[in-house]
Amino acid sequence: MAKTPANKKDKTDNGNFEEALWDAANKLRGSVESSEYKHIVLSLIFLKFISDTFEQQRQKLIDTGYEKHINMVQAYTKDNVFYLPEESRWSFIQQNAKQEDIALKIDTALSTIEKTNQSLKGALPDNYFSRLGLTASKLAALIDVVNNIDTIGNPEEDTVGRVYEYFLGKFAATEGKGGGEFYTPKSVVNLIAEMVEPYQGKIYDPCCGSGGMFVQSIKFIESHHGNTKDVSIYGQEYTSTTYKLAKMNLAIRGISSNLGDVAADTFFKDQHEDLKADFIMANPPFNQKDWRASDELVDDPRWAGYPTPPTGNANYAWILHMISKLSEHGTAGFVLANGSMSTTTSGEGEIREQIIKNDLVDCMIALPGQLFYTTQIPVCLWFISKDKQATSADSKAKGLRNRSGETLFIDARNIGAMIDRTHKEFSTDDIEAIAKTYHAWRGEKEAGGYEAYADEAGYCKSASLDDIKANDYVLTPGRYVGAAAIEDDGIPFETKMLELSQTLYAQMQESEKLDATIRQNLEVLGYGE
């Protein structure tokens, strides 16, 4: 058998497995809608992942002399590993991949896993593969590709999130989705987590998508040597398939959460009515239209003290919902379209003015374009704080100062680097620099205290409420930070002017030659003057 050349990489190498998955999923074209691909692939990836972790734990039990416990559920669940009966294991699916009833076997495996593991209740597709009507050969080809992916080779790799981002990004642009199901880019989620520092307390996301904010919060705590048991997770998601993905995404990481009993509209069926969260991290659907009828939710208690958000755009409904959910000393960080910073449509300007007068806006960040896979809409980050006076125990422990009547504006539009022709992302250093600016401004001891902060033209500015009032309560950072100083290159003006003039004269001479050539050609063709 011929050996594969050493310089050729298998497509299923974990550095580029998305392409292999796409190639295999694309063969389903004509059998199912392309929008279903990601759910088919993620379900199989999930099955492969929990099987790999199960087999790893099983082998560990054997290697450590506990072979008699390999069929005990508790021997797995104690380490956040799901116990899988024989018919639910990937090895069983792989062995039967060529059988005509493979779709039924996958559905049976998923159903059995959900019944065996309480934390997965409502998370897995129900009779999904059988209903799709896929041919066994097409499904077998996809199973073969997934089989070659090492889902546990790199414990730091967010496999489910990575596949989800890829497939959502691949289709959302062509499907023209305007909101609701965005996967927030990892670098944006990282930035929000580093800004709000969700070490301890209740974390809430009212539109949690696939659960990316929660996953990153846990990673933040782990990377800063905190205790993940010090936080509790609450969320809600409107789309049923995405709700299942979120439960799946959290379950495979052993993250316990309360995402509500079912997928539901946060505005009309709030499943956490009495919740007061210490941290809110969210990426609501951008500019959501017709989110309520004109006679619905008019006097909702969440809008108390503010005008009712307009029916034509839900941006301020999301903001007021989140403000209402914050605890006495809570902090929120969320993504919104840039229009939210300056709009005066249908009373939105009045709502923003009241939020500012209530001294809730702690920081505003303008983000660069091309960060999102699924939209080119310019976006910003809002940070709301109910503890600008820094009276909470946590604020005192961090050394935060009283920031009453102040708001920090950061213009990050020129930060980040292109990772391909159409997408940009923040590096770890970028995120650290932005977060450190905010933390120093707040007076945080670990960031050097307030003495380490200084306004920087073109980048950051600490503005007073009077400054914001003078700007008609517009929160666009560019209005406050000004323009960056142009660096002097040390070349005298006279020298620059001489060089530019010579270049211009040379270009004018070249232009004259080209004009003469064109005239000559026209004369040859019989079109002379």
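In this predicted model, the axes of helix H9 and helix H15 (residues 428-442) come within 9 Å and cross at roughly 20°. Angles under 35 degrees count as roughly parallel, so H9 is roughly parallel to H15. The crossing of H9 past H15 is right-handed. On the H9 side, the residues that meet H15 are Ser187, Asn190, Leu191, Glu194 and Met195. Their partners in H15 are Ile431, Ile434, Ala435, Tyr438, His439 and Arg442. Sorted by class, this contact of H9 with H15 brings together 6 nonpolar, 3 polar and 2 charged residues.

H9 (residues 186-196) also packs against helix H10 (residues 212-223), this time at an angle of about 55° and with the axes 9 Å apart. H9 and H10 are therefore oblique to each other. Here too the handedness can be read off: H9 passes H10 in a right-handed crossing. H9 puts Lys186, Val189, Asn190, Ile192, Ala193 and Glu194 into the contact, while H10 supplies Gly212, Met213, Gln216 and Phe220. The class count for H9 with H10 comes to 5 nonpolar, 3 polar and 2 charged residues. Asn190 and Glu194 of H9 turn up in the contact with H10, and Asn190 and Glu194 also meet H15.

Turning to the strands, the model has an open sheet of 9 strands with mixed pairing. Reading across the sheet, the order is S3-S2-S1-S4-S5-S7-S6-S8-S11. Strand S3 (257-258) and strand S11 (460-464) are the edge strands, each pairing on one side only. In general, strands of a sheet pair through backbone hydrogen bonds, either parallel or antiparallel.

Then there are the charged pairs. Side chains of opposite charge can pair when their charged atoms come close. Across the whole structure, a search turns up 17 salt bridges. One of them joins lysine 325 to aspartate 270, with the closest N and O atoms 2.7 Å apart. This pair ties together distant parts of the chain, its two residues being 55 residues apart. Lysine 325 belongs to helix H12 (residues 315-325), whereas aspartate 270 lies in the loop between S3 and strand S4 (277-282).

Note on methods. Residues are numbered from 1 along each chain as its sequence is written. This is a predicted model: local features need pLDDT of at least 70, side-chain atom pairs count only at pLDDT 80 or more; totals for chains, interfaces and linings use all residues. Side-chain values use heavy atoms; hydrogens and water are left out. Axes are lines fitted to C-alpha atoms, for helices over the stretch in contact, and angles run from 0 to 180 degrees between N-to-C directions. Helices (H or I, at least four residues) and strands (E, at least two) are DSSP runs, numbered from the N terminus. Angles under 35 degrees count as roughly parallel, over 145 as roughly antiparallel, 65 to 115 as roughly perpendicular and the rest as oblique. A crossing is left-handed if the near helix is turned anticlockwise from the far one by less than a right angle, and right-handed if clockwise. Contact means heavy atoms within 4.5 Å. Ala, Val, Leu, Ile, Met, Phe, Trp, Tyr, Cys and Pro count as nonpolar, Asp, Glu, Lys and Arg as charged, and the others, Gly among them, as polar. Two strands pair if DSSP finds at least two bridges between them. A salt bridge is a side-chain nitrogen of Lys or Arg within 4 Å of a carboxyl oxygen of Asp or Glu.
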